[in-house]
Amino acid sequence: MRRSLVVGNWKMNGSKATAVSLLTGLKARLAELNAVDVCVCPPFLYLSDANAQLADSAIRFGAQDVSGNGQDNGAYTGEVSAAMLSDAGCEFAIVGHSERREYFAESADLLAKKVECLLAEKITPILCVGEKLDDRESGLEQQIVEGQLHEIVDRLGVQVFSQMVVAYEPVWAIGTGKTATPEQAQQMHAFIRGVVSKLDPVIADKLPLLYGGSVKPDNAKDLFAMQDIDGALVGGACLDVDSFSLIIKAKESV
């Protein structure tokens with residue numbers, strides 16, 4: 001049985017004071033986590049705060065990105081290696097978020113290297129896939145998402161998905177207030193599982209699939225009721241203790 005997972009991606013938000021406030025608030029609200037794993041991904045600067053505040057908590061934490069330039073130290077100004085993330089206590093790291101793909105033109109080779117670096121440090125990659133509005137309106141959404149999955153499979157093999165999480169994020173629904181209907185989300189999640197199943201049905205059946213696209217307390221339960229949606233990658237709503245806690249409790253209740 002697949003374990004449920006809800007991840008909060010803080011993006012480039014917060015300060016030290018707000019980070020500590022949010023982390024302590026979540027720890028108090030989520031003192032008893034049963035059926036759902038919870039992870040927060042603050043900016044790099046606040047990973048030490050996450051480590052300190054969540055040390056005696058069931059809440060886990062991870063990074064929003066990682067360098068693809070190998071595991072060791074090197075002349076890569078501004079980069080943070082997977083070894084450094086491991087040293088900071090990270091258990092997860094987001095890879096291939098649509099904002100990284102669009103604003104930083106991350107290539108398929110680079111994404112595969114990032115996954116490889118994370119797995120070498122036993123950090124679980126959360127691989128983001130998803131289509132833009134033009135792709136969906138042209139009927140290319142499945143083709144785009146399958147291609148993004150194969151960016152990893154063709155370079156590292158399907159076995160890596162036994163150590164990963166995949167998050168489907170329709171790009172047109174990120175930060176826009178728009179949300180895929182539960183049925184649209186389920187259709188794509190089932191398609192993703194089907195793509196992996198053609199290569200290895202056992203891995204596909206165990207692969208956690210998250211939905212990421214303007215998840216809020218008022219739509220979370222309907223999304224989580226879908227058969228292939230195992231959790232969520234939450235953006236803006238995770239910056240509010242009440243909203244994020246309600247989303248997590250919605251997953252626990254289905």
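Author: Helices (H or I, at least four residues) and strands (E, at least two) are DSSP runs, numbered from the N terminus. This is a predicted model, in which local features need pLDDT of at least 70 and side-chain atom pairs count only at pLDDT 80 or more, while totals for chains, interfaces and linings use all residues. Residues are numbered from 1 along each chain as its sequence is written, and side-chain values use heavy atoms, with hydrogens and water left out.

Lys11 sits in the loop between strand E1 (4-9) and H1. Its phi is near 55 degrees, a positive value in a residue other than glycine.

H1 (residues 16-29) packs with H11 (residues 241-253): the axes come within 10 Å and cross at roughly 35 degrees. Axes here are lines fitted to C-alpha atoms, for helices over the stretch in contact; angles run from 0 to 180 degrees between N-to-C directions. On the H1 side, Leu22, Gly25, Leu26 and Arg29 take part. They meet Val241, Asp242, Phe244, Ser245 and Lys249 of H11 (contact: heavy atoms within 4.5 Å).

Now H7. Helix H7 (residues 141-156) and helix H8 (residues 182-197) have axes within 10 Å, crossing at roughly 40 degrees. The pair is therefore oblique (under 35 degrees is roughly parallel, over 145 roughly antiparallel, 65 to 115 roughly perpendicular, the rest oblique). This crossing of H7 and H8 is right-handed. From H7 come Glu141, Gln142, Val145, Glu146, Leu149 and His150. From H8 come Met188, Phe191, Ile192 and Val195.

H7 also holds Glu151. The Glu151 side chain makes a polar contact with the side chain of Arg101 at 3.2 Å (N or O atoms within 3.5 Å; within protein, one able to donate a hydrogen and the other to accept it, with sequence-adjacent residues counted only if both atoms are side-chain atoms). Beyond four places in sequence, Glu151 contacts Arg101, Ala108, Leu111 and Ala112. Ala105 lies in the loop between helix H4 (98-103) and helix H5 (108-120). Ala105 has a positive phi of about 50 degrees, although it is not a glycine. It counts as exposed, at 64% relative accessibility (exposed is over 50% relative accessible area, buried under 20%, partly exposed in between, with a 1.4 Å probe and protein chains only).

Next, the core. The largest nonpolar core has 72 residues (buried Ala, Val, Leu, Ile, Met, Phe, Trp, Tyr and Cys joined through side-chain atoms within 4.5 Å). Leu85, Phe161, Ile192, Tyr211, Val234 and Phe244 have the most contacts inside it. Setting aside neighbours within four places in sequence, Phe161 contacts Leu127, Leu149, Ile152, Val153, Val166, Ile203 and Leu207. Another core, of twelve residues, lies apart from the largest one; Val7, Ile94, Val165 and Ala167 are among its members.

Ser214 is in the loop between strand E7 (209-211) and helix H10 (217-224). It is buried because its relative accessible area is 16%. Its side chain reaches the backbone oxygen of Ala173 at 2.7 Å. Lys132 is in the loop between strand E5 (124-129) and helix H6 (133-137). Lys132 is partly exposed, at 44%. Beyond four places in sequence, it touches Val171 and Trp172.

Definitions and conventions
A crossing is left-handed if the near helix is turned anticlockwise from the far one by less than a right angle, and right-handed if clockwise.
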